[in-house]
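This report considers the aromatic rings of the structure shown below. It turns to charged side chains and rings, then to ring pairs and a cluster.

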Amino acid sequence: MKYRLFIYLIFFIAAITMLGLIISSVDKIRSDIGSLVLLKSDQSVVLENIQKRNSNNILFLSSNLALLNSFAKNPLFKEFLLKYNDASSFKDILKVSSLATMNYEVYMQIIDNPDEFFAANAMDLYNPFAFRVVDSDFLNYSSYSTLLLPSNLTFDLKTQTLKIDDNGSILYFANAVLRDDFKSSELIDFYINAKESAKYNGDRLFITGSEIFAGFAKKEGDKESLIMGSFSLLFIAILLFGAFGNWRILKLIIIIVFSFLCGLSGAFLIFDYISLFSIVISISLIGLILDFAMHFLGYTQNRSIQKDDIKGFLRIFLIGLLITTLGYGLFILAPIGFLKEIAIISIFSLIGAFLATYFLLPNILENNTFKSHKLFDKYLDNFISFNIYILKFKRLILAFIAIIVIASSIFLIYELPKFNFNDDIRNYSALNLNLINETNEFVKITKMPLQSSFIVLRFNPNEDKIAKERSMLKDLNITNYYGSSRILLSMKEQNYLKEELKIYAKDSKLLQNYINLGIDANLVQNSLKSLTSLNSLSFDDFYSLFKDTKNPLSSFKFDYDTNLIFIDSTNLPANIDEILNKYNAYYINLTDIISQNFTQAKHYAIVLKFIAYGAAFIILLLFFGFVRACAMMGIVLFATFISIVLLIAFGVNFNIFTIFGFILASTIGVDYVLFALNQNLDLRERYFGILLASLTSIISFGMLGFSTTYAVFSFGIATALCMLLSAYFALLYATFNFKK
């Protein structure tokens, strides 16, 4: 009794300690796609920088200014920028930078078509709808500043907001920043309510942001998890009740919970951050965690459980634990973040499962007797009889296996050359179609390129950053972009414009445009003289002007000697790398790079798995001899081979998640083969243990096959199929050896 209380106390203290660690580490969980992979150092820094800047940004376009004003009061946002107040600091910056920030199209018109420009400028001075921001700017050149014309938006001086004319419909722009502690459910509720309100009032409203996509994905994922998890638990509960005939078997939940506490706490101790994906995948290890318990309970069927019954399983448990942890341990060597995380979570979970099964389970279930339901016994006995019967035809079975191997090999030789082994992260998630369409429409209206494709441009000291950027984009023939050269003229362009304006100030023909309208030529000349007296501003000079006012260059400045230019990734030149090398730049498409890293992860996973197979073979060789070691590994490899052929035949993509499903299933398959040779069990007990262990796993992973998210679907279906074949072949092997 004292021993049992001591065991309970030890496990309780350990569980509470681990639970406290996990709760205190919840903020270490990351859900961004970049956390799944380890990119090259420069790419990783850029990616983190971009995500940090943009992850909490929400962008709005609406035909109803009052509606946007109402959003500004929502506590969901820590910042809501709608009105650009006519503050003195902004006016002061505009006053000194009106020449440096002149719109490039206007600049080209002044240089190439001065007659047309000055005629239009003279007429605009009498435009009753033209607002003057800088009072001393008589010719109102400041109205041509990019500070008032960002992107495809224009500055509405009357409302102090940015707006856009979309085919006659005026849309107002706003930019919000979410609170650091916002809840995705609150954001989704806000989005739905805002859209419903706009629809009810007949207003146009566009809302876009990465966190909205993430929130809807999480909502759909939670819904799927609830449905699939509920059905999975229901089917497993029915299976366990049929196998054990007593609801006390649900005490196995204690083993599951303790194992996961071990896995998560171990990962939080080792890693600074953990990917949400790693946790979701690791939670699917329920079947593997229950392997030890199922084999032990198979032995104790129909008799009272005693705590000493477990001792006969120590050797086989330790061999299985060693092989499985070694298989996962090799993934720690992979340069892929989520593989390392899954390896650590799985190893600690398996160690927890072993400790809880060996020390805690016999005490929890001591003196309990479990007896299968008659229907379960009937099907189990018939299944055993069927396998015994078909093993009478060994030659036919061997011939059948040979035919399958030859046919499958021919099929692979024919199909593999056509097969695309490259991963594409766009296939891994089920994005909300309405959100995609809304974002595409937003980008189309504002002409803002998506910030997932950009050029990283590096500069030498004292280099004209704007001139270099403009020259590079000209060589690349890129016109649709979002960069600092959209804001500023180069130093050379500013100086050239000054010289041209000085000449134009003396051109009587150009001045006549103003004289004809009754404007004193001296006023025009003095205004041009004032403009040409402004200092030319470099990128860094202009950047340093902004103290309390939002800096328009902050989106492009990565660090002191590096800028980012966001571009449209379509129609890029074939020699883009050659051109970029000339300018000490490189191109990043986040989707392509992360897809490439997933492909690389797949290659690493395959290589490491074959190393794991080799290590497992050596361990089996030491304990079971050469012939049995070959047979045991052959069963696992054959099950994996047939699973791969079947999935390819049915068109399932051979992605990193499919690979990981095979890796997980084949690791568990080694356990099934091990338990098939457990000499402490008779044939029925071996069948009972392997069937229960495999079916609980197949149910939990098989339910993932109903997911609308392709990554989850492919992982679940690959794992369940490979487990099914591994378990069945292990049972045939158990039958064959038992007859011997």
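In this predicted model, the charged end of Lys 557 lies over the ring of Tyr 543, at 4.1 Å from the ring centre. A like arrangement involves Arg 303, whose charged end sits over the ring of Tyr 299, 4.5 Å from its centre.

Tyr 299 also belongs to an aromatic cluster, together with Phe 292, Phe 296, Phe 313, Phe 317, Phe 354, Tyr 358, Phe 359 and Phe 675.

Across the whole structure, a search finds 40 aromatic pairs. One of them joins Phe 71 and Phe 190 in an edge-to-face arrangement. This pair connects distant parts of the chain, since Phe 71 is in helix H3 (residues 65–71) and Phe 190 is in helix H7 (residues 184–201), 119 residues apart. Phe 71 has a relative accessible area of 6% and is therefore buried, the cut-off being under 20%. Phe 190, at 9% relative accessibility, counts as buried as well.

A further pair is formed by Phe 376 and Phe 688; the planes of these rings stand at 75°, so the pair is edge-to-face. Here too distant parts of the chain are linked: Phe 376 lies in helix H15 (residues 374–390) and Phe 688 in helix H27 (residues 683–702), 312 residues apart. Both Phe 376 and Phe 688 are buried.

The geometry of the two pairs is set out below.

| Pair | Distance between centres | Angle between planes |
|---|---|---|
| Phe 71 and Phe 190 | 5.1 Å | 80° |
| Phe 376 and Phe 688 | 5.9 Å | 75° |

How values were computed
Residues are numbered from 1 along each chain as its sequence is written. This is a predicted model: local features need pLDDT of at least 70, side-chain atom pairs count only at pLDDT 80 or more; totals for chains, interfaces and linings use all residues. Side-chain values use heavy atoms; hydrogens and water are left out. Rings of Phe, Tyr and Trp (its six-membered ring) pair if their centres lie within 6.5 Å; planes under 30 degrees apart count as stacked, over 60 as edge-to-face and the rest as tilted. Helices (H or I, at least four residues) and strands (E, at least two) are DSSP runs, numbered from the N terminus. Buried means under 20% relative accessible area, exposed over 50%, partly exposed in between (1.4 Å probe, protein chains only). A charge sits over a ring if NZ of Lys or CZ of Arg is within 6 Å of the ring centre and within 35 degrees of the ring normal.
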